[in-house]
Amino acid sequence: MNEPSEQHSISVDDAATRVIAAVGDFRVPVENVELDQALARVLAIDVVAPNDVPGWANSAMDGYALRAADLQSAGSRVLTLVGTRLAGDSRDAMVGEGECVRVTTGAPLPRGADTVVMKEQTHCADDRVTIDAVLAAGTNVRPAGEDYRVGDAALSAGTRLSPAGLGVLASFGMQQVSVRRRPRVALLTSGDEVVLPGEDLPIGFVYNSNKFSLSGMLRQAGAELVLQRHMRDRPDEMAGILTEAASGADVVITCGGVSAGEADYMPDLLRRLGRVDFWKVRMKPGMPLLFGRIGSTLVFGLPGNPVSGVATFLRLVRPALDAMTGSIGGAIRTQYARLATPIRKTHARAEFQRARMASRADGSLWAEPFPRQGSGVLRSVAEADCLIVLGESISELAVGDVVEILPLPGVN
């Protein structure tokens, strides 16, 4: 990729395209993990059913297994009870004409039986079962392969494994699964005015909220945090920490020091240690975003304002992490809702406004932006469940207008 001009900001869409292009064909390596360690991991292979699920016809109810042909005449029928079969009972059982076998849910269907009548539809006295029902063959029976037939496509490579997905793999008898290694990320916060919670807070200082909000989002994105450090505003010290971080990570994320102030050293440091792909994006919040690389390691320089860090992470960093693992579709999916209050935008940047969604009785989805949208108002992020996306050309929107929203799953 040719070195772009850093003199002018670029659009959010252009920034996203450049980030994904920088990831290119790179994929984190494949590893095998135990099934109970695979939640939220990204499948590295296509999974096909190695066997039928279930592997044999079984009862879907507690009741009696019988032949449907014995219930085709009107009125009550009395069948002879010839045995009991519980779930997990692999002993042979047989149903003949005029006979039935007591079964529990999940019990293998006895030979000769094709139907199960619920216990509630019967009356049993000794070995005589009275049934007042006419049932079609197959009623209350789960046939072999009802869920998956051997060879069926089950889960595709790139699928992020959900609890249900893990259940599917377990139903195939799999103990391990091939997944992509977690992207290795170094998170570096910066600023002489930043202290950790629990330390004294002199006037002019702030607690390091970015360390916790960003590390939390990284873990939710499936990343492995290989390094967390705080950097003082000392260029030589920062250069050493950046070099160390880049040597052991797929991605380095810094927070703060990317604007145009006297202590904003990150743009010059990235030029010196690696290369700058772009600096400054036409978005609010998050305009001073810096992106480049040190060697083969991607570097995101996020603004220090807490809300800016969240917005830039969700829009640009998270898609890069998803691309590294080959995750299908990504985690942040665009939706649409109607606007609950009017919006007036007075600048030419894309804007991401924090909002809450609410569904109404007619099934429509509405988004209501918070009145305070400042980039330092972290409370609005904690209370939001979506971002309203306002394109560069949008200036005014009325109540009821349809807007693009980015849900924030797992952020709250």
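Q: What share of the 412 residues in the protein is buried, and what makes a residue count as buried?
A: In this predicted model, buried residues make up 46% of the 412 residues.

Q: What makes Leu298 a buried residue?
A: Its relative accessible area is 2%. The cut-off for buried is under 20%, so Leu298 is called buried. Leu298 is found in strand β21.

Q: How do you know what Leu298 is in contact with, beyond its neighbours within four places in sequence?
A: Contact means heavy atoms within 4.5 Å. By that test Leu298 touches Ala22 and Val23, then Asp250, Val251 and Val252, then Phe291, Gly292 and Arg293, and also Met324. For a contrast in distance, take Pro285, which is 13 residues from Leu298 along the chain: the two C-alpha atoms are separated by 22 Å.

Q: What makes β17 and β21 a pair, and in which sense do they run?
A: Two strands pair if there are at least two bridges between them. Strand β17 (residues 251-255) and β21 have 5 bridges, and the sense is parallel. If you want to find the spot in the structure, look for Thr254, which stands opposite Gly301 in β21.

Q: What makes β20 and β21 a pair, and in which sense do they run?
A: The requirement is at least two bridges, and strand β20 (residues 290-294) forms 5 bridges with β21 in the antiparallel sense. Gly292 has Val299 of β21 as its bridge partner. These two strands form a hairpin with 2 residues between them, and Gly295 in the turn has a positive phi of about 65 degrees.

Q: How do you know that β4 pairs with β6 and with β7?
A: Count the bridges again, with at least two needed. Strand β4 (residues 63-66) is joined to strand β6 (residues 99-103) by 3 bridges, running antiparallel. Between β4 and strand β7 (residues 115-118) there are 4 bridges, also in the antiparallel sense. Tyr64 stands opposite Arg102 in β6, and Gly63 stands opposite Met118 in β7.

Q: What makes Asp126 exposed, and what sets its phi apart?
A: Exposed requires a relative accessible area over 50%. Asp126 has 74%, so the word applies. Its phi is near 55 degrees, a positive value in a residue other than glycine. You will find Asp126 in the loop between β8 (122-125) and β9 (128-131).

Q: Why does Asn140 count as buried?
A: Its relative accessibility is 19%, and buried means under 20%, so Asn140 falls on the buried side of the cut-off. Asn140 lies in the loop between β9 and β10 (141-142). Its phi, near 60 degrees, is again positive in a residue other than glycine.

Q: Where are cis peptide bonds found, and what is omega there?
A: One joins Val53 and Pro54, with omega about -5 degrees; Pro54 lies in the loop between β2 (47-48) and β3 (58-59). Another joins Lys284 and Pro285, with omega about -5 degrees. Pro285 lies in the loop between β19 (283-284) and β20.

Q: How does the radius of gyration of the protein compare with that of a compact globule?
A: A compact globule of 412 residues would have a value near 22 Å, but the protein has 30 Å. The C-alpha trace spans about 95 × 50 × 45 Å along its principal axes.

Q: What share of the contacts with a separation of 6 or more joins residues 24 or more positions apart?
A: Such pairs account for 70% of those contacts in the protein. The protein has 7 helices and 28 strands.

Notes. Residues are numbered from 1 along each chain as its sequence is written. This is a predicted model: local features need pLDDT of at least 70, side-chain atom pairs count only at pLDDT 80 or more; totals for chains, interfaces and linings use all residues. Side-chain values use heavy atoms; hydrogens and water are left out. The radius of gyration is taken over C-alpha atoms; the globule rule is 2.2 Å times the number of residues to the power 0.38. Buried means under 20% relative accessible area, exposed over 50%, partly exposed in between (1.4 Å probe, protein chains only).
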